[in-house]
Amino acid sequence: LRNAMVNRKTGKFSMEVKKTVDKGKRVLVMTNDYYYTDIKGTPFSLGVALSRGHGKYFFRGNVTVEEGLHDLEHPDVSLADEWSYCNTDLHPEHRQMTQLEAIKRYLTGKEPLLQCKYFVKYACSDKELIQEVLFDAVVSAPIEAYWTSLALNKSENSDKGVEVAFLGTRTGLSRINLFVGPEQLTNQDFLTAEDKENIFNADHFPLWYRRAAEQIPGSFVYSIPFSTETANKSNVVTASTAIQLLDDRKSPVVAAVGIQMKLEFFQRKFWTASRQCASLDGRCAISCDDEAINCYLIDNNGFILVSEDYRQTGYFFGEVEGAVMNKLLTMGSFKRITLYDYQAMCRTNKESSDSAHSLLDPYNAFFAAVKWIMTELVLFLVEFNLCSWWHSDLTAKAQRLKQTLEPCDTEYPAFVSERTIKETMGNIACDDCFKSFVIQQIPSSNLFMVVVDNECFCDSVPPITMAPIEIRYILFFAKLTVLLNYCVHNESLKCERLKSQKIRRRPESCHGFHPEENARECGGVSGLGAKPPLVLLPLLLTIFSR
């Protein structure tokens, strides 16, 4: 793609890409369609990437402006402020408007100076986008009445477990309904300006929208959101599903709807469901209450949502059951994806002064004193400075290690379940026993129930973690040297990988002159010269100021 755009070609192709989300703990595997062409009259090229399924196609309908404005007046309706429905930057009096206010004032004729019209030929325009917003507002309006009926019916949500219901469309329209008071929300930042992952931003859709769009149509995506401040200690569960227009040709995703509930409420519902045995009378033959087994509920990325030990909630399953996770990777139920962070910070050992250490090692004190004397002698000969002899610290200081953070490159794993595997079981040979387990996918969701034998311990199998590992490039250069030597002695090997460099293309024309440029004001740098008094003055000031 880069070479084609540098060479200013026109074309398209598709490629599977991996996108990290949820603070790098999850990965989305999606297919992008890439389109690229050159911009005539310039040395630049333009490339566009569209996510297949929910980014390429959209659904359009016709409604009247009166109908759309009526449904946009609802207080729970909002639009993506970072999206450009109308250009509010041209006039200072428009810059304080939200995009929703700008659309309303434009459609009612109160602000005729607002530009909400076609701006690029053959491309989707602001006017078309506004028409789609009006259509989404009308079509999604009945869900508000449905949410209101649920809130009024206390028997449906007597314990206030479900706190928020939300809907988002492809045009950036959102509807939010609170089933509890704003002060009673467990997650106060959800769907607010502080929650950048879950609101419509200028460069991407919300996380709950994207994850639902990549899921199998008709299924829910459950997850525990991660926080940098309270990692793995979230007390809410988010569930969302995509609304897809079933079409044999394109099948676009037009919206996503979901809820956020208390983690305790979700776990209680799971334990209640696990004890129900429709085909049996009385007590279940095998229950999660048995001490001989451990039951887990994990998502498609391997994170624990429900565990008998509440402290394990939010942790990666491999950290708790390393032997079972290793077996699932071997069997293909889960696959490991290696990701890279080229803007990481790693801890390194740095030397710092420690005068107390010199008392423990007289040799270090002696060599440190010699080093100090040589350093002061060199500084004296260079600077002719006698003042430093009187103000120097005559104590020889040794060195100790101090941990600091430095930029580095790291690699870390992410895990994704295999969708085609619905149920599997296995045995793990440990030191003196066999550890058995069963994993089964919960229908219409991204969740798996895992039942593990609790009587056999596999302490010899280390846990699988998601901790990043620093990339040591010294080994890489050593291998590169060996490969270069091999290339020199083997003429048949072309070493194309080593010789290949990223191509660059110069502009086809050179602009060394501009009619508005005054040539007399350019150049003449070589004629500048430093006057001797100006050179000696800073040196004299430096000597006498010490």
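Cys433 is partly exposed, because its relative accessible area is 23%; here buried means under 20% relative accessible area, exposed over 50% and partly exposed in between, with a 1.4 Å probe and protein chains only. This is a predicted model, in which local features need pLDDT of at least 70, side-chain atom pairs count only at pLDDT 80 or more, and totals for chains, interfaces and linings use all residues. Residues are numbered from 1 along each chain as its sequence is written, and side-chain values use heavy atoms, with hydrogens and water left out.

Which cysteine is joined to Cys433 by a disulfide? The partner is Cys456, with the sulfur atoms 1.9 Å apart; a disulfide is a pair of cysteine sulfur atoms within 2.5 Å. The link of Cys433 and Cys456 is right-handed, with 75 degrees about the S-S bond. Cys433 sits in the loop between β14 and β15 and Cys456 in the loop between β16 and β17, so the pair ties together parts that are 23 residues apart in sequence. Strands (E, at least two residues) and helices (H or I, at least four) are DSSP runs, numbered from the N terminus. Cys456 is buried, with 2% relative accessible area.

By the same cut-off, the count comes to four disulfides. Here are some of them:

| Disulfide | S to S distance |
|---|---|
| Cys346 and Cys408 | 1.8 Å |
| Cys430 and Cys458 | 1.5 Å |
| Cys433 and Cys456 | 1.9 Å |

Let's look at the other pairs in the table. Cys430 lies in the loop between β14 (423–429) and β15 (434–441), and Cys458 in the loop between β16 (447–453) and β17 (469–470), 28 residues apart. Both Cys430 and Cys458 are buried.

The link of Cys346 and Cys408 is right-handed, with 75 degrees about the S-S bond. This pair links distant parts of the chain, with Cys346 in strand β12 (residues 334–354) and Cys408 in strand β13 (residues 398–417), 62 residues apart. Cys346 is buried at 10% relative accessible area, and Cys408 is buried at 10% as well.

Now for the sheet. Five strands form an open, antiparallel sheet in the order β11-β10-β16-β15-β14; two strands pair if DSSP finds at least two bridges between them. Its edge strands, β11 (304–307) and β14, each pair on one side only. β14 and β15 pair in the antiparallel sense over seven bridges, and Ala429 has Phe434 in β15 as its bridge partner.
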